[in-house]
Amino acid sequence: MTAANETPRSARPAATGASAGGGPVAPSAVRPFLIRRTSQGLITLLAASVLVFLAVSVLPGSPAAAVLGRHAKPALLARIDHQLGYDRPVPERYLDWLSELAQGDLGQSSIGLAQGKQSAPVWPLVRPRLVNTAILAAITIALLIPLSLFLGVMAGVSAGRWRDQVISTTALIFTALPEFVVGSLVIVVFFVWLDLLPPVSLVEPGETPLAHPDILVLPVLTLLGVSVAATARLVRVGTIEVLRSAYVETARLAGISERRVLRRYVLRNALAPSVQIFAISIQYLFGGVIVTEAVFGYPGLGSELVSAVSSHDNTVVLAIAVILAAIYISINVIADLLVILLVPKLRTQG
Amino acid sequence: MSAGANDGGRRRDSLLLRFARTRRGRAGLVLLGLTFLLAFLGPALAPHSPTALIGPPGSPPGTGTLLGTDFLGRDVLSRVLYGGRSVLGLSLAATAIALAFAIPIGMVAGYSRSLIDPVLMRSVDVILAFPPLLFFLLVATSFGTSRLTLIVAVALVQMPGISRIVYGAVREASVRGYVEAAVARGERTPAILRREILPNILGPLISSAGLYLTFSILLIAAVNFLNLGLQPPASNWALMISENRQILTLNPWATIVPAACICLLTVSVNLVGDAVSAELDRTSTEPEVRAPAPPATEPPPPEPPPGAGGASLLAVRDLRVRLRGGPAVIDEVSLELPRGRALGVVGESGSGKSTLALALLGYVRPGVEIAAGAVELEGEPMPLDDERRARALRGRVIAHVPQDPASSLNPSLRIGDSVADVIVEHRPDLDPVATTVELLSRVRLPSEEAFRRRFPHQLSGGQQQRVLIAMALACTPALIVLDEPTTGLDVLTQAHVLAEIEALHRDAGLALIYVSHDLAVVSQIADEIAVMYAGRIVERGPTATVLSDPQHPYTRGLVESVPDHLAPHALNGIPGVSVGVGERPRGCSFAPRCPLADARCEAEMPLLAAARDAVEVRCFRAGEARLHERVLRPPRVESARPALLSVDELCASHRGRESRPVVEGVSFVIHQGECLALAGESGSGKTTIARVIAGLHRPSAGSLTLGGERLAATAGERPREQRRRIQIVFQNPDESLNPRRLVAEQVARPARLLAGQSAAAAEQRAAALLERVRLPERVGTRLPSELSGGERQRVAVARALAADPQLLVCDEITSALDVSVQAAVVELLAELRAELDLSLLFITHNLGVVASLADRVLILSEGRVCEGGPVGEVFAAPRDRRTRELLAAAPRLAGAADSLPAG
């Protein structure tokens with residue numbers, strides 16, 4: 001993760017030679033935390049899967065009805081429901097699904113089976129989509145973190161002056177814009193008016209989006225527009241808070257040069273809260289990805305989810321929801337761990 | 001109560017007005033108004049029906065249609081005008097429902113410490129483990145997509161986040177003094193939530209309501225865009241964007257205009273929300289600066305003759321620091337300090353002494369500027385307008401030691417690196433490690449590597465302050481400015497750090513400027529003293545002369561306010577409150593509080609003029625104010641009165657840390673009409689005992705008896721009569737009153753609840769009590785934020801008296817106050833006690849206050865009583881080692897004994 005790459009750069013002590021700096025992280029404090037936090041995450045994930053399973057199970061209309069239409073014969077519906085196991089009680093079906101999941105099997109697409117296929121496993125369907133979404137998200141995150149750190153710190157350091165006014169006001173406007181609005185507007189600008197970039201992101205089966213970088217530009221721009229603005233605003237607030245702290249005043253009163261104050265006093269202490277901010281932004285990003293993929297017809301998890309929801313393909317909805325929840329929860333765990341590593345007070349507490 | 005509602009309305013109005021004056025707030029309000037008009041009145045303006053086909057699909061703007069037609073050939077303009085209502089209406093409804101449910105849920109979870117809390121908050125965690133849009137899709141599709149389900153789904157998605165925020169705010173509010181006071185008087189939980197907590201969390205919630213609304217709009221728009229929401233042919237902006245994508249190249253306006261409408265809506269909501277929260281943030285963090293009046297006095301001659309005070313180490317001439325473009329914070333300050341001398345700067349809070357301390361280093365806090373004057377160090381001018389050049393001098397020629405050591409050290413730097421930073425910056429020729437080692441041992445800290453590699457949080461407060469002193473010494477400056485360096489420290493630590501500073505001054509000949517509100521501390525260190533009031537020096541001279549025969553009435557008031565634990569005497573506080581920046585009177589700033597003030601004092605500002613024996617004073621009636629004869633308090637003759645409260649073998653520990661009790665087997669008795677003091681360092685368990693007696697902390701063992709009846713463990717379990725008889729006043733004046741309720745209402749409440757008075761009688765009683773604690777009548781209709789700390793503590797005392805108690809528990813109630821205000825509060829308590837035959841349990845770390853007020857004292861250490869007895873006996877002949885340490889550490893006005901009448 002890029003956040004991890006940020007750490008050593010800003011946290012590296014200047015060459016005072018007073019001490020080795022950095023220092024070994026006391027494993028005693030970090031390991032139990034990691035174990036506790038991971039198991040907490042797993043429990044949350046389990047609870048989340050119950051919730052999704054319930055929600056999916058009460059969906060009105062079974063997949064069979066969705067495929068066969070409103071006028072299908074009840075007997076035929078019942079037969080397909082039985083094939084899919086829909087006539088069994090929900091807890092039993094959940095346990096089945098869970099034990100399959102434990103073996104790495106996401107189940108069979110309900111719609112596929114209802115259409116009469118012998119086997120329609122979800123995983124091969126979802127896997128390329130997951131890869132595509134991961135590519136989109138990774139590129140966005142790689143740009144998001146440095147951009148919003150740079151803009152946020154710059155705005156915070158010059159708080160109240162014109163540079164801050166420009167950054168903050170622009171950010172305030174962009175934060176308020178929905179992805180599909182930004183997406184539609186960039187399409188108007190870059191496709192309709194300038195004819196520079198494609199309005200849809202077509203990916204041939206078996207290819208990755210990286211084969212045609214031009215189809216990634218507009219989705220990435222759209223996601224960045226919203227997330228950089230929101231993130232930079234929060235980084236700015238964090239920076240201002242540190243700038244107002246007594247230790248920054250003490251450093252200035254001790255005659256420490258402003259460059260050193262920024263590097264060793266401001267950035268270092270603004271970094272830990274920023275990690276939490278990035279975690280929230282990245283989580284938010286995955287929500288935005290759902291819409292953005294729909295705008296550009298980008299073949300990722302989000303567009304698959306939307307089509308699965310509208311076609312009542314319950315197992316696919318379930319699989320994608322659990323994958324997204326897992327991503328969400330791991331982001332939290334990773335962020336908490338990074339904060340522990342970055343804040344001496346937290347990592348040295350026995 | 002109607003008064004509360006009116007008050008809330010008034011506050012909100014003024015907030016609205018205030019933020020409407022900011023540029024962003026105004027822009028947001030105008031935009032928001034336009035958008036609402038567009039959304040709700042749009043249908044009336046539409047030229048066509050939103051579903052009428054008026055031309056070929058996707059025709060560009062032109063003849064007859066302002067914005068062209070959509071993918072079916074309908075009028076884009078009409079559909080835009082029709083399309084806002086559903087998006088905005090649904091979002092408003094959903095946000096309102098979410099708030100209506102999430103606020104009570106969060107409040108109950110945050111306030112109850114029972115099972116509800118973890119269960120509820122874990123389930124919130126689970127819901128927050130999904131992208132909100134995914135959760136929303138699941139909910140929305142589970143129940144079909146009607147208007148109602150959309151609203152419910154959006155509300156459901158929003159609720160967990162909102163209730164988590166409410167939860168946090170309630171947790172924070174529930175430990176405040178005013179909530180604890182309500183608990184102690186036995187208010188029922190719903191009343192506490194509604195009266196004490198809700199009004200205080202509403203402000204931040206209102207300011208984030210904009211965010212929640214934006215979020216609702218985004219969700220509803222997104223789901224409509226994904227075609228999972230309202231079904232066509234209904235018109236809404238989000239749906240228009242998605243359905244007209246196929247004609248993007250034919251008529252882009254069919255997409256651009258609805259997109260712009262959504263932008264307009266969300267941006268305006270965001271602008272308003274942002275402006276409101278910025279305004280709330282500003283009013284809660286910064287004291288309001290009154291309308292910046294132009295400075296009353298003419299600016300002094302700006303260019304002083306250069307090199308006039310060349311012989312001295314520091315020369316300050318006519319320094320004026322003001323709020324940017326506004327009134328002066330300090331004015332006409334001139335000082336001279338010879339090499340190796342120590343100057344004490346004293347004054348109440350708000351006198352400008354910290355501003356002066358910083359300005360000596362050419363430094364001002366944000367929002368403040370140096371307007372005139374000059375500072376010279378060793379004959380060289382301190383660059384007051386050039387931060388970079390000033391910084392080269394700071395730390396090298398003149399150094400600063402800050403007030404609060406815990407927050408003044410960089411939490412992510414090892415302390416060795418913090419010290420080394422100063423050396424590397426100014427003295428690259430020195431070896432930073434070796435110098436750091438030398439400096440640490442100079443301030444008597446361990447200097448080995450293991451210690452240097454510690455982080456600030458791994459040090460005690462005294463050690464932290466020593467590190468800061470080491471940093472100040474790093475480049476052997478000629479002068480160190482210490483700004484209240486021991487104020488945040490424990491009494492014993494304070495004595496040690498003071499001794500250290502004194503040694504540096506006496507042995508190493510280091511020149512000091514020691515800024516403090518504590519006259520006793522300053523008198524131990526300073527050769528000379530400068531007394532500041534309202535930004536000006538009012539008296540200056542050799543310490544002994546100034547303290548033994550103060551010329552200025554203000555100095556006299558300060559001297560007479562300092563309690564003395566060895567010669568307890570009646571305190572004479574200074575009446576009134578220090579004037580704020582920008583509201584200083586035309587004449588002498590002290591005139592409104594001065595017993596000697598005459599017409600001239602009110603009309604003219606006196607100049608600082610030589611009085612006698614090298615003393616300068618700024619007063620027309622200098623020298624007329626003589627120290628009062630000290631009225632020594634005779635030790636009270638203990639008449640055998642019945643016991644009121646008996647505490648027997650009390651034990652208590654903090655929740656979850658039962659293995660380390662904070663109070664272990666404490667027993668004592670308070671007699672009727674008696675004042676018992678509990679004294680000891682912080683962490684000795686005194687506050688816990690107070691809280692146990694008030695029924696706020698459940699003891700782990702022991703018993704309490706009030707007038708022969710056994711007291712239940714918590715206030716909620718005690719009958720009303722018992723709750724009435726014991727009242728508590730808390731330490732922090734900022735938190736002891738509910739910020740959102742009028743003073744009179746808060747004072748009347750206990751009279752109504754505990755003394756069973758009618759509303760009218762309680763109101764009258766409140767007015768009488770406010771007068772009794774010597775507050776002007778108008779205070780009753782004020783909010784606590786409009787009062788000073790001393791006034792708030794008086795209100796808290798009045799509130800406690802409203803219940804007509806027999807025992808008043810005072811938990812460090814003067815420790816956050818200025819000495820002069822403390823003196824007045826102590827005297828007030830002494831009076832009230834005599835008049836009402838009150839018993840007092842007075843908890844403090846200040847032995848001087850103990851001696852001025854209490855009959856008996858118990859010295860606590862680590863949760864046990866180590867010594868107890870009549871105050872005079874214990875202080876004159878302490879038997880326990882810890883009592884002796886405390887007594888030795890207690891600061892005393894140097895030369896105080898001289899001014900005592902003989903005998």
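This is a predicted model: local features need pLDDT of at least 70, side-chain atom pairs count only at pLDDT 80 or more; totals for chains, interfaces and linings use all residues.
Chain B comprises 903 residues, and 54% of them count as buried. Its secondary structure consists of 32 helices and 22 strands. The C-alpha trace of chain B spans about 110 × 75 × 65 Å along its principal axes. Among the contacts in chain B with a separation of 6 or more, 70% are made by residues 24 or more positions apart.

Chain B also touches chain A. To this contact chain B contributes 72 residues and chain A contributes 59 residues. On the side of chain B, helix H11 (residues 253-285) gives the most, with 10 residues. Sorted by class, that side has 41 nonpolar, 19 polar and 12 charged residues.

The next topic is the nonpolar interior. In soluble globular proteins, nonpolar side chains tend to be buried together. The largest nonpolar core here has 364 residues, and A:Ala321, B:Ile513 and B:Leu841 are those with the most contacts inside it. Helix H12 of chain A, covering residues 258-296, gives the most to this core, with 20 residues. B:Leu841 can be looked at in detail: leaving aside neighbours within four places in sequence, B:Leu841 is in contact with B:Ile670, B:Leu676, B:Leu678, B:Ala690, B:Ile693, B:Leu807, B:Val809 and B:Cys810. Another core, of six residues, lies apart from the largest one; A:Ile80, A:Leu84, A:Leu113 and A:Ala114 are among its members.

One pair of helices in chain B shows how such elements pack. Two packed helices are described by the angle between their axes and the distance between the axes. For helix H4 (residues 84-111) and helix H9 (residues 189-225) of chain B, the angle is about 145 degrees and the axes are 8 Å apart. The crossing of H4(B) past H9(B) is right-handed. From H4(B), the residues that meet H9(B) include B:Val87, B:Leu90, B:Ala94, B:Ile103 and B:Tyr111. On the H9(B) side, B:Leu193, B:Ile197, B:Leu213, B:Ile217 and B:Ala221 are among the residues involved. By class, this contact has 18 nonpolar, four polar and no charged residues.

A last stop is B:Val119, which sits in helix H5 (residues 116-127) of chain B. Is B:Val119 buried or exposed? B:Val119 is exposed, because 11 other C-beta atoms lie within 10 Å of its own, and a residue counts as exposed at 12 or fewer. Along the chain, B:Val119 and B:Ala109 are 10 residues apart, and their C-alpha atoms are separated by 9.0 Å.

Conventions: Residues are numbered from 1 along each chain as its sequence is written. Chains are lettered from A and ligands numbered from 1 in the order in which they are written. Axes are lines fitted to C-alpha atoms, for helices over the stretch in contact, and angles run from 0 to 180 degrees between N-to-C directions. Helices (H or I, at least four residues) and strands (E, at least two) are DSSP runs, numbered from the N terminus. A crossing is left-handed if the near helix is turned anticlockwise from the far one by less than a right angle, and right-handed if clockwise. Two residues are in contact if their C-beta atoms, placed from the backbone, lie within 7 Å. Ala, Val, Leu, Ile, Met, Phe, Trp, Tyr, Cys and Pro count as nonpolar, Asp, Glu, Lys and Arg as charged, and the others, Gly among them, as polar. A residue is buried if 20 or more other C-beta atoms lie within 10 Å of its own, exposed if 12 or fewer, and partly exposed in between; C-beta atoms are placed from the backbone. A nonpolar core is a set of buried Ala, Val, Leu, Ile, Met, Phe, Trp, Tyr and Cys residues joined through C-beta atoms within 7 Å.
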